[in-house]
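Hi,

Here is the structure I promised to pass on. Have a look at it first, and my notes follow below.

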Amino acid sequence: MFATTPLRIAAVSAGLSQPSSTRLLADRLAAATRERLVAEQDREVEVRVIELRDLAVDIANHLVSGFPSAGLREAIDAVTEADGLIAVTPVFTASYSGLFKSFFDLIDHTALTGKPVVIAATGGTARHSLVLEHALRPLFAYLRAVTVPTSVYAASEDWGSSGDEYTEGLPSRIRRAGGELASAVLGRTVSGASRALGLDDGEDAVVPFEQQLADLRLD
């Protein structure tokens with residue numbers, strides 16, 4: 001039987017085209033996360049995908065007026081109230097898109113504190129994959145979110161590829177990132193092990209960031 005309060009996963013897609021490879025990557029990461037969460041606990045899992053292209057005018061108006069529309073306010077609330085976040089952007093000029101950055105500029109810099117996040121990006125060439133480390137990860141560090149170790153970059157040639165003997169294919173990376181996000185949402189380390197509570201821990205004990213880093217195990 002499901003518990004009364006569902007787990008909520010929000011996925012932000014900054015793709016501009018329709019259909020969009022950015023939206024497709026967001027959907028697949030959300031599905032991988034949901035699958036792992038459903039398999040490992042008995043609470044219902046709700047997934048909300050936010051298409052920023054549909055909110056572009058509202059985002060611009062909010063930046064100049066300071067007043068969000070009802071739809072934009074709902075999207076911001078979905079992100080800040082989620083148990084886990086998936087953030088996916090196309091690569092523009094070797095960085096995240098302006099629409100992606102403008103949306104997160106509207107979120108209070110403390111609203112994502114401690115929230116588990118998977119960062120991901122799409123691009124035409126694998127040469128832009130470092131955008132995840134030099135642009136997205138610092139952005140969410142500033143917002144005080146906790147990004148999981150595995151980030152996902154999908155170049156054009158990655159779609160339909162199973163990888164080779166030296167690299168994981170896109171489906172494997174998606175499953176790995178989704179599993180890490182699920183573990184973080186459930187309060188585990190990315191290896192899936194629960195942290196043992198100490199004598200001074202209460203129900204809402206917070207793991208120090210240094211301890212989180214020490215607990216991470218990279219495969």
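Let me start with a question: does Phe-100 count as buried or exposed, and at what relative accessibility? Phe-100 counts as buried, because its relative accessibility is 0%, under the 20% limit for that class. Please keep in mind as you read on that this is a predicted model.

**The overall layout**

The chain has seven helices and seven strands. Reading from the N terminus, the order of elements is β-α-β-α-α-β-β-α-β-α-β-β-α-α. The chain has 219 residues, and 42% of them count as buried.

**The aromatic rings**

Back to Phe-100, then. There are five aromatic pairs in the structure. One of them joins Phe-100 to Phe-104 in a tilted arrangement, with 4.9 Å from centre to centre and 55 degrees between the planes. Helix 4 (residues 98–105) holds both Phe-100 and Phe-104, and the four residues that separate them make about one turn of the helix. Phe-104 counts as buried because its relative accessibility is 2%. Phe-104 also pairs with Phe-103, this time edge-to-face, with the centres 5.2 Å apart and the planes at 80 degrees. Phe-103 and Phe-104 are both buried.

Which residues do the ring pairs link into a cluster? They are Tyr-96, Phe-100, Phe-103, Phe-104 and Phe-140.

Strand 7 (residues 152–155) is covered on both faces. Val-152 and Ala-154 lie on one side, Tyr-153 and Ala-155 on the other, and all four are buried. As a reminder, side chains in a regular strand alternate between the two faces of the sheet. Strand 7 pairs with strand 5 (residues 116–123) in the parallel sense, over four bridges. If you want a spot to look at there, Thr-122 stands opposite Ala-154 of strand 7.

**A pocket for you to look at**

Val-152 and Tyr-153 turn up again in the lining of the second largest pocket, together with Ser-129, Leu-132, Pro-149, Thr-150, Ser-151, Asp-158 and Arg-173. How much space lies in this pocket? The value is about 190 Å³. Sorted by class, the lining of the second largest pocket consists of four nonpolar, three polar and two charged residues.

**Salt bridges**

- Glu-81 and Arg-8 meet through their side chains, at 3.9 Å from N to O. Glu-81 is in helix 3 (residues 70–81) and Arg-8 is in strand 1 (residues 7–13), so this pair ties together parts that are 73 residues apart in sequence. Glu-81 counts as partly exposed at 44% relative accessibility, and Arg-8 is partly exposed too, with a relative accessible area of 34%.
- Arg-23 bridges to Glu-51, with 2.9 Å between the closest N and O atoms. Since Arg-23 lies in helix 1 (residues 21–40) and Glu-51 in strand 2 (residues 45–51), the pair ties together parts that are 28 residues apart in sequence. Arg-23 is partly exposed at 26% relative accessibility, whereas Glu-51 counts as buried at 16%.
- Arg-48 and Glu-74 form a salt bridge whose closest N and O atoms are 3.6 Å apart. With Arg-48 in strand 2 and Glu-74 in helix 3, this pair ties together parts that are 26 residues apart in sequence. Arg-48 counts as partly exposed at 33% relative accessibility, and Glu-74 counts as partly exposed at 46%.

Which residues do salt bridges with shared partners join into one network? Arg-23, Asp-27 and Glu-51 are joined in this way.

Finally, a word on Arg-175, which sits in helix 6 (residues 170–185). Arg-175 counts as partly exposed because its relative accessibility is 49%, and the exposed class needs over 50%. How far apart are Arg-175 and Arg-28 in sequence and in space? They are 147 residues apart in sequence, and their C-alpha atoms are 8.7 Å apart in space.

Key:
Residues are numbered from 1 along each chain as its sequence is written. This is a predicted model: local features need pLDDT of at least 70, side-chain atom pairs count only at pLDDT 80 or more; totals for chains, interfaces and linings use all residues. Side-chain values use heavy atoms; hydrogens and water are left out. On a 1 Å grid over the protein atoms alone, a cavity is a set of points where a 1.4 Å probe fits but cannot get out, and a pocket is an open set with protein on both sides within 12 Å along at least five of seven lines; lining residues have an atom within 4 Å of a point. Grid points are joined across faces, edges and corners, and a volume is the space filled by probe spheres set on the points. Ala, Val, Leu, Ile, Met, Phe, Trp, Tyr, Cys and Pro count as nonpolar, Asp, Glu, Lys and Arg as charged, and the others, Gly among them, as polar. Rings of Phe, Tyr and Trp (its six-membered ring) pair if their centres lie within 6.5 Å; planes under 30 degrees apart count as stacked, over 60 as edge-to-face and the rest as tilted. Helices (H or I, at least four residues) and strands (E, at least two) are DSSP runs, numbered from the N terminus. Buried means under 20% relative accessible area, exposed over 50%, partly exposed in between (1.4 Å probe, protein chains only). Two strands pair if DSSP finds at least two bridges between them. A salt bridge is a side-chain nitrogen of Lys or Arg within 4 Å of a carboxyl oxygen of Asp or Glu.
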